[in-house]
Amino acid sequence: MAAPNPFEKQTPIPGVKHIIAVSSGKGGVGKSTVATNLAMALGRKSKVGLLDADIYGPSIPRMLGTLGQKPQINPETNQLEPVTRYGIKLMSIGFLVEEGAAVVWRGPMLFKAMDQFLRDVNWGELDYLVIDLPPGTGDIQLTLAQKVPVAGAVVVSTPQNVALIDVKKAVDMFERVNVPLLGMIENMAYMINPANGEKMQLFPKGEMDSYAQSKGIKKIGEVPFNPSVGLACEAGIPIVEANSNGAEAQEFMKIADRIREILP
Ligand SMILES: Nc1ncnc2c1ncn2[C@@H]1O[C@H](COP(=O)(O)OP(=O)(O)OP(=O)(O)O)[C@@H](O)[C@H]1O
Ligand SMILES: [Mg+2]
């Protein structure tokens, strides 16, 4: 007899049209920055939620200036009410435990926490639910793919070859769990030299582009490195909001438009 297929138990979240997973193999390449700004950019024209699925290192409360906020429980439905910021509905383990407190959950607890974030939060009507995943290809990623139909994944990477091996793992994982890849976003792709306005390469350009081409993965964005992107996140006002006319914000708007084309 064939083994039971864990992906048969996927159930949509009522009212949520498209679930987008923001992922990377490697840590620290800018997933949370991209997820936050992408949610903000999509939020200009659509109803958007942002779920911080990084149970071990939640970043969203800080990046959106909502540290210390406590989601309310609706006594009638027993659901958690998301925290709303800039019109985006947010949920994060960071709202529920103190910042800096270590969450030491393993498999079953993670499974339960993810389930609650997907089912027991009053997401309401959303065009897009953006999910900021932790780095790697572990339990949280698999739980997500098993529990809900993910419309597509975005893989974030920096350009150099040390990131490539992790990108390959992430792409391989999404293929195995039948989650379509919406595309790749190259973060810190270049920097504008303040002295002469020319593009500078921060990292040696590796084989990322040829790998993506060989797999038929589209590059849907190239976000420049700019200290103001990081500063804006630290200040809790993402760059799409803080400097909406800047090159970085404009790139996030373009990425949002591309995603709207793929997932109307
Ligand atoms: N385009 C950018 N320009 C300047 N700084 C950036 C850019 N993107 C990200 N950063 C900075 O790089 C650091 C890592 O970013 P971020 O936390 O978004 O990465 P991550 O992939 O979510 O990390 P983790 O794997 O720990 O979850 C942060 O300090 C962030 O402000
Ligand atoms: Mg992160």
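Student: Which helices and strands each supply at least two residues of the shell around ligand 1?
Tutor: This is a predicted model in which local features need pLDDT of at least 70, side-chain atom pairs count only at pLDDT 80 or more, and totals for chains, interfaces and linings use all residues. Residues are numbered from 1 along each chain as its sequence is written, and chains are lettered from A and ligands numbered from 1 in the order in which they are written. A shell residue has its C-beta atom, placed from the backbone, within 6 Å of the ligand; helices (H or I, at least four residues) and strands (E, at least two) are DSSP runs, numbered from the N terminus. At least two shell residues each come from helix 1 (31-42), strand 7 (181-192), strand 9 (219-225) and helix 7 (227-234).

Student: Which element gives the largest share of the shell around ligand 1?
Tutor: Among the residues that come nearest to ligand 1 is Gly230. The largest share is four residues, and the element that supplies them is helix 7.

Student: How many residues of helix 1 are buried?
Tutor: Buried means that 20 or more other C-beta atoms lie within 10 Å of the residue's own, with C-beta atoms placed from the backbone. Lys31, Ser32 and Thr33 are among the buried residues of helix 1. Helix 1 is mostly covered, the count being 12 of 12.

Student: How do helix 1 and helix 9 lie to each other, and what is the angle?
Tutor: Their axes (lines fitted to C-alpha atoms over the stretch in contact, with angles from 0 to 180 degrees between N-to-C directions) are 8 Å apart. Helix 1 and helix 9 (residues 247-262) are roughly perpendicular (65 to 115 degrees), at an angle of about 70 degrees.

Notes: Angles under 35 degrees count as roughly parallel, over 145 as roughly antiparallel, 65 to 115 as roughly perpendicular and the rest as oblique.
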